[in-house]
Amino acid sequence: MIYEQSLVKTIEPIKRTTISRLNKSKKWKYGYNKENDIVVISKTGKIGEIYEIQGLRIGLPLEPMRMHLRKENKWIKQKYPKQ
């Protein structure tokens, strides 16, 4: 048996329905969420996957639904929002 070291793993400590409900109303606050024991690093109020790195649970931002691509399949430079 070979020992395999894994520092990062994807976990689901919160029900998907709870994540969807809070994402819909953008209720996730940036920083530590004591109720769900995760650190939210999304400033949009929505989270996607939750990773656990050496016992620390991190809620990542939701992946974008669509990408801004050119016909040649290259990125287009987007303007930053004024916020």
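Which residues does tryptophan 28 touch, not counting residues up to four places away in sequence?

View 1. Tryptophan 28 touches Ile14, Ile19, Leu22, Asn23, Asn33, Asn36, Ile38, Val40, Gly45, Lys46 and Ile47, leaving aside residues up to four places away in sequence; contact means heavy atoms within 4.5 Å. In this predicted model, local features need pLDDT of at least 70 and side-chain atom pairs count only at pLDDT 80 or more, while totals for chains, interfaces and linings use all residues. Residues are numbered from 1 along each chain as its sequence is written, and side-chain values use heavy atoms, with hydrogens and water left out.

**View 2. The sheet of 5 strands.** The open sheet runs in the order S1-S4-S5-S3-S2 with mixed pairing; strands are DSSP runs (E, at least two residues) numbered from the N terminus, and two of them pair if DSSP finds at least two bridges between them. Strand S1 (8-11) and S2 stand at the edges with a single partner strand each, so one side of each has no neighbour in the sheet. S2 and S3 pair in the antiparallel sense over 3 bridges.

**View 3. Tyrosine 32 in strand S2.** Strand S2 spans residues 31-33, and the bridge partner of tyrosine 32 in S3 is valine 39. Tyrosine 32 is exposed, with a relative accessible area of 52% (exposed means over 50%, with a 1.4 Å probe and protein chains only). The C-alpha atoms of tyrosine 32 and glycine 59 are separated by 9.7 Å, with the two residues 27 apart along the chain.

Key
Helices (H or I, at least four residues) and strands (E, at least two) are DSSP runs, numbered from the N terminus. Buried means under 20% relative accessible area, exposed over 50%, partly exposed in between (1.4 Å probe, protein chains only).
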